[in-house]
Amino acid sequence: MKNAVTKANRGLNDHSWNVVGQTYVPKLYSEETFVWHAALPADSFVPPHIHPHQDEWIYVLEGDLEIEFGPELHKAGPGDTIKMPRGEAHGIFNRSGKPANCIFGVAPSRKLYELFIELDGVTDPAELVRISALYEVDFLPPPDAPEQG
């Protein structure tokens with residue numbers, strides 16, 4: 001990483017990604033850490049998934065989020081920090097009826113920056129799951145999906 005200021009209205013390399021209707025704007029990227037701003041519209045979500053090699057966190061700037069760790073539900077609002085350890089399934093939901101703005105981060109960065117480049121504009125859930133698996137993010141099947149054997 002080199003010294004610089006990433007302006008409030010800009011992303012690194014002028015990147016901004018639309019991932020399942022959410023807007024992600026990268027702010028800091030190095031081998032050790034990747035940080036991005038996320039705008040999560042009302043009623044949007046990231047389905048339960050696992051980062052096998054990364055710890056993830058969210059700092060809520062405005063709005064309210066719900067985080068599911070399996071059957072456990074946690075609520076977070078402005079000023080709260082959500083910690084999602086590597087290897088632990090988590091889903092992120094904005095069920096508040098209002099937009100939410102957050103700062104996300106992962107450590108180490110691994111392949112997540114490249115994943116967001118690939119996911120920009122993808123709307124098909126099956127394709128999102130397929131691509132994500134190539135970049136070390138494993139989505140869980142929906143709770144009512146038949147077990148694979």
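Predicted model: local features only at pLDDT ≥ 70, side-chain atom pairs only at ≥ 80, totals over all residues.

Where does Tyr59 lie? In strand 5, which covers residues 55-62.

**Stop 1**

Tyr59 itself has a relative accessible area of 35%, so it counts as partly exposed.

**Stop 2: helix 1**

Now select residues 112-119, which make up helix 1. Which of its residues are buried? They are Leu112, Tyr113, Leu115, Phe116 and Leu119. Turn the view to look down the axis of helix 1: the buried residues fall within an arc of 160 degrees, so they line one face of the helix.

What do those buried residues pack against?

- strand 1 (17-19), strand 2 (22-29) and strand 3 (34-40)
- strand 10 (100-107)
- helix 2 (125-134)

Before moving on, step past the end of helix 1 to Gly121, which follows the helix and has a positive phi, near 85 degrees.

**Stop 3: the core**

Show side chains for Trp36, Ile58, Leu65 and Ile92. These have the most contacts inside the largest nonpolar core, a set of 31 residues. Which elements give two or more residues to this core? On the strand side they are strand 1, strand 3, strand 5, strand 6 (65-69), strand 8 (81-84) and strand 10, and both helix 1 and helix 2 are on the list too. Helix 1 gives the most, with five residues.

Zoom in on Trp36 for a moment. What is Trp36 in contact with, once its neighbours within four places in sequence are left aside? You can pick out its partners in these groups:

- Tyr24, Val25, Pro26 and Lys27
- Glu56
- Cys102, Ile103, Phe104, Gly105 and Val106
- Leu112 and Phe116

Leu112 and Phe116 are also among the buried residues of helix 1.

**Stop 4: salt bridges**

How many salt bridges does the structure hold? Seven. Let's look at some of them.

Select Arg95 and Glu66 to begin with. Their closest N and O atoms are 2.5 Å apart. This pair links distant parts of the chain: Arg95 is in the loop between strand 9 (90-93) and strand 10, while Glu66 is in strand 6, 29 residues apart.

Next, go to helix 2 and select Arg130 and Glu127. The closest N and O atoms of this salt bridge are 2.8 Å apart. Both residues lie in helix 2, three residues apart, or about one turn of the helix. Arg130 is partly exposed at 46% relative accessibility, and Glu127 is partly exposed at 27%.

**Stop 5: the loop between strand 10 and helix 1**

Select Arg110 and Glu136. They form a salt bridge whose closest N and O atoms are 2.6 Å apart. Here again the pair links distant parts of the chain, with Arg110 in the loop between strand 10 and helix 1, and Glu136 in the loop between helix 2 and strand 11 (138-139), 26 residues apart. Arg110 is partly exposed, with a relative accessible area of 39%; Glu136 counts as buried at 16% relative accessibility.

Stay on Arg110 and check its backbone. Its phi is positive, about 50 degrees, although Arg110 is not a glycine.

While you're in this loop, select Pro108, which is found there as well. The peptide bond from Ala107 to Pro108 is cis, with omega near -10 degrees.

**Last stop: before strand 1**

Where is Asp14 found? In the segment before strand 1. Select Asp14 and look at its backbone: phi is positive at about 60 degrees, although Asp14 is not a glycine. With a relative accessible area of 52%, Asp14 is exposed.

Technical notes
Residues numbered from 1 in each chain as written. Heavy atoms only, no water. Helix = DSSP H or I, 4+ residues; strand = E, 2+ residues; numbered from the N terminus. Buried < 20%, exposed > 50% of the residue type's maximum accessible area, 1.4 Å probe, protein only. Arc of directions from axis to C-beta. Contact = heavy atoms within 4.5 Å. Core = buried A, V, L, I, M, F, W, Y, C linked by side-chain atoms within 4.5 Å. Salt bridge = Lys/Arg side-chain N within 4 Å of Asp/Glu carboxyl O.
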